[in-house]
Amino acid sequence: MKLNLRVWRQKNADAPGDMATYEVDGISSDMSFLEMLDTLNEELILRGEDPVAFDHDCREGICGACSLVINGDAHGPERTTTCQLHMRSFQDGDTIDVEPWRAAAFPVVKDLVVDRSAFDRIIQAGGYISAPTGSAPEAHATPVPKADADFAFEHAECIGCGACVAACPNGSAMLFTSAKINHLNVLPQGAPERETRVLDMVATMDEEGFGGCTLTGECATACPKGIPLPSIAAMNKEWLRATRKSRR
Amino acid sequence: MSYFAYTTGEPVKDTKAPDGPVAERWDRRRFEAKLVNPANRRKHTVIVVGTGLAGGSAGATLAEQGYRVVQFCYQDSPRRAHSIAAQGGINAAKNYRNDGDSVHRLFYDTVKGGDFRARESNVHRLAQISVEIIDQCVAQGVPFAREYGGLLDTRSFGGVQVSRTFYARGQTGQQLLLGAYQALSRQIAAGNVEMHPRTEMLDLIVVDGRARGIVARDLITGRISTHFADAVVLATGGYGNVFYLSTNAMNSNATAVWRAHRRGAYFANPCFTQIHPTCIPRTGDHQSKLTLMSESLRNDGRIWVPKAKGDRRPAAEIPEDERDYYLERIYPSFGNLVPRDIASRAAKNVCDEGRGVGPGGQGVYLDFADAIRRMGRRAVEEKYGNLFDMYARITAEDPYETPMRIYPAVHYTMGGLWVDYDLQTTVPGLFAIGEANFSDHGANRLGASALMQGLADGYFVLPSTINDYLARHPSSEPLDDTHPVVAEALAETEDRISLLLAVDGDRTPDSFHRELGELMWEFCGMARSEEGLRKALERIPQIREEFWRRIKVPGTGEEFNQSLEKANRIVDYLELAELMCLDALHRSESCGGHFREESQTADGEAARKDEEFSYVAAWEFRGAGGRTQGEHGTGTGDAPVLHKEDLVFDYVHPTQRSYA
């Protein structure tokens with residue numbers, strides 16, 4: 001098929017950006033969206049133009065690197081990562097808008113590439129269990145009820161792509177932050193740091209310039225891993241509990 | 001210039017593996033190793049390159065011990081290293097199932113699965129440590145699958161008859177990696193690790209025979225900088241992307257290990273590559289990478305092809321008695337759970353016979369109809385749901401209704417930098433861990449063993465053994481960019497980048513990568529022959545020559561430039577590919593994933609030649625140091641030198657592997 005692409009081009013963080021129009025032809029419906037962009041880039045290189053920069057790595061939907069807003073939707077029309085979106089979701093002759101994540105806390109690096117290091121700093125604030133190597137007790141010493149283990153897993157699935165932030169009108173990172181808090185706080189191993197974890201991570205989230213939650217629900221709709229919206233409520237509950245205990 | 005020739009040098013003598021009973025060697029080595037006083041650890045800086053399971057766990061653990069760690073990854077965050085894509089699980093000899101498992105059995109299975117080409121001491125240590133890994137990960141909050149009673153669940157993997165694989169649905173690698181990433185994040189926050197994301201190592205700095213630092217490029221600004229340390233640890237993964245199409249991440253590359261090789265680190269068994277039997281078949285020339293379907297699927301899925309050649313009927317219309325469940329037929333005791341190399345070759349054989357399914361006949365069925373009948377769709381969903389979704393997403397076929405189509409693809413490289421028992425390379429102070437080294441898997445890796453090895457190396461082995469090196473080198477000469485060796489390494493890196501940008505030819509980096517990959521897949525892939533390898537060895541230097549004449553890299557070096565990154569990695573693939581073919585040519589036996597057509601048994605199985613080849617092939621680079629010739633002529637210089645490390649088997653005696 002033949003497509004009309006409108007792509008955000010921005011030389012670097014300081015330069016102004018703009019949408020540029022490209023035509024691509026010979027696109028197969030079996031291609032992934034990123035393979036379609038590869039095709040465009042091969043042509044651009046041969047024409048002596050700067051290829052479109054975009055983040056991508058595993059192309060299996062798990063590393064969380066890819067990050068495109070496609071026709072206004074984070075990761076495009078299907079509920080998956082951009083790398084797992086296939087061209088069969090589009091029609092011959094379509095015009096497709098391709099933009100980077102848009103959020104104050106995710107500045108553009110170049111074209112479609114953004115800086116998501118704020119997510120790393122949120123994890124550094126408390127998204128871990130302090131268990132230095134060598135100090136672990138026997139794994140079966142503490143059974144974990146299956147329901148808790150499944151709850152932890154469901155939240156641990158987050159790939160840190162940032163679609164939740166990109167989809168949120170407030171640029172909020174509450175779904176991301178709550179996913180890690182809920183993963184660790186439900187486990188017995190996470191209990192000793194339960195309060196400090198939520199207080200420190202939420203404080204860092206605010207410092208990084210992410211917005212607040214107004215329960216729009218766009219985050220959970222865009223999340224390729226299906227982190228559920230009530231995750232945010234559970235985090236708020238943890239935060240209230242920790243504030244009340246005010247253990248720091 | 002190409003090389004078919006090589007010279008044989010001194011055998012590798014000292015592997016540092018202690019003598020004595022195999023079960024006591026690790027204890028002995030740890031006791032004999034020198035220690036660094038906790039108060040003195042702050043004075044030592046260790047560079048760790050890579051943040052996957054091996055690098056992430058090593059960086060965190062070294063920092064916990066009190067060392068100053070400077071760590072690098074090319075991704076925008078250490079959480080994205082490709083270990084994250086590992087699906088199936090991690091082995092550990094916990095024997096929670098009471099099914100006869102033990103450390104010795106895991107040791108035995110791994111040596112046998114590796115077709116008797118791994119070092120016994122290392123493999124035994126790996127099996128011993130496996131149990132500690134599970135404890136460590138559970139303590140970190142890794143959400144492994146659990147039974148209703150709250151205890152950990154396990155499943156089976158290929159090449160074994162016990163159930164020792166721990167898993168977190170189909171995302172075990174992700175969960176283990178996030179555990180290591182979180183431990184690392186804690187150390188970053190504490191100021192013990194200086195993390196450099198989006199920074200790629202481009203060369204190794206060796207001063208007075210010791211690894212003392214690296215040259216790296218900031219991928220955002222293009223700035224090339226030097227970093228110095230008392231020791232350097234490479235945890236940069238495997239080199240499967242030499243083949244262009246593989247299950248590796250798009251940016252996984254061989255530059256760090258290849259540059260280290262050019263600086264003196266021997267490269268061991270480069271031809272030992274693993275072709276994974278269950279990947280989604282390619283759909284066309286646009287294909288940029290291949291996606292694995294976890295081996296765990298072979299627990300419940302049945303592999304088959306039609307009995308008749310060229311049977312083009314849809315799967316559902318082929319009656320039971322016209323189907324050939326060939327793995328169950330040929331290997332009745334292991335059935336669909338034979339090791340990867342055997343399953344891959346069997347798939348290739350039935351497709352070569354003209355019985356393959358799907359477009360181009362390059363596929364076999366992996367069928368869950370029986371499992372769904374037996375366990376119910378719910379249970380199958382619970383176990384494999386995310387894998388089925390992934391398959392449906394990519395192929396637009398519903399695997400609950402029609403059988404999956406799968407075909408083998410390049411997945412893992414058992415070869416890598418040669419390391420001794422301490423995981424130190426032949427360059428003092430340079431260590432290699434995880435897939436980047438060659439150590440534990442011999443000629444074929446068993447499923448769910450990569451995660452085990454990466455974490456064993458990073459959490460437990462390296463943090464013990466590196467002490468010994470650092471204790472013996474309590475102080476290092478301070479370095480800066482004016483030191484002649486450092487200045488030379490910097491200049492060579494800068495020259496290489498300028499050369500790439502200056503060619504301004506008419507072919508894209510990808511076009512060369514694809515051409516090399518196709519050549520390697522054809523001649524150095526699932527089956528190799530002297531004739532084919534010689535062809536490849538003739539062709540690779542020609543591609544390299546053309547590369548330096550026709551490559552087109554847009555933009556400049558002083559900016560975010562993904563084409564430049566790619567082209568720079570291809571330079572190294574074009575050199576490494578040649579060594580892989582040479583190694584494959586010289587090893588005229590078949591073993592594990594290395595199948596030489598000339599060396600097979602009457603029924604087509606790999607035939608080892610233990611008397612000739614029971615050794616690790618460690619190759620020494622004999623060329624022009626860090627300078628890639630570019631317009632000054634191409635090639636790697638003189639033919640490499642082969643150093644053999646003889647393998648001694650005191651406990652697991654080499655036999656023809658049998659899974660029948």
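User: In this predicted model, what is the relative orientation of helix 3 of chain B and helix 12 of chain B?

Analyst: The axes of helix 3 (residues 53–65) and helix 12 (residues 450–472) of chain B come within 8 Å, and they cross at roughly 20°. Because angles under 35 degrees fall in that class, helix 3 of chain B counts, relative to helix 12 of chain B, as roughly parallel.

User: Is the crossing of helix 3 of chain B with helix 12 of chain B left-handed or right-handed, and how many nonpolar residues does their contact have?

Analyst: Helix 3 of chain B passes helix 12 of chain B in a right-handed crossing. Residues of helix 3 of chain B, including B:Leu53, B:Ala58 and B:Leu62, meet residues of helix 12 of chain B, among them B:Leu455, B:Tyr459 and B:Pro463. Sorted by class, this contact has 1 charged and 7 polar residues, and the number that are nonpolar is 9.

User: How far apart are the end C-alpha atoms of residues 46–451 of chain B?

Analyst: An unreviewed UniProt entry places the feature "domain: FAD-dependent oxidoreductase 2 FAD-binding" at these residues of chain B. Over residues 46–451 the chain is 29% helix and 20% strand, and the separation of the end C-alpha atoms is 23 Å.

User: How far apart are the C-alpha centres of domain 1 and domain 2 of chain A?

Analyst: Chain A is divided into domain 1, covering 3–110, and domain 2, covering 116–245. In the contact between them, 18 residues of domain 1 of chain A touch 17 residues of domain 2 of chain A, and the domain 1 side divides into 9 nonpolar, 6 polar and 3 charged residues. The C-alpha centres of these two domains of chain A are separated by 29 Å.

Notes: Residues numbered from 1 in each chain as written. Chains lettered and ligands numbered in written order. Predicted model: local features only at pLDDT ≥ 70, side-chain atom pairs only at ≥ 80, totals over all residues. Axes fitted to C-alpha atoms, helices over the stretch in contact; angles between N-to-C directions. Helix = DSSP H or I, 4+ residues; strand = E, 2+ residues; numbered from the N terminus. Parallel < 35°, antiparallel > 145°, perpendicular 65-115°, else oblique. Left-handed = near helix turned anticlockwise from the far one by under 90°. Contact = placed C-beta atoms within 7 Å. Nonpolar A, V, L, I, M, F, W, Y, C, P; charged D, E, K, R; others polar. UniProt positions renumbered as here; feature names shortened; annotations may be inferred. Domains from an automatic or database assignment.
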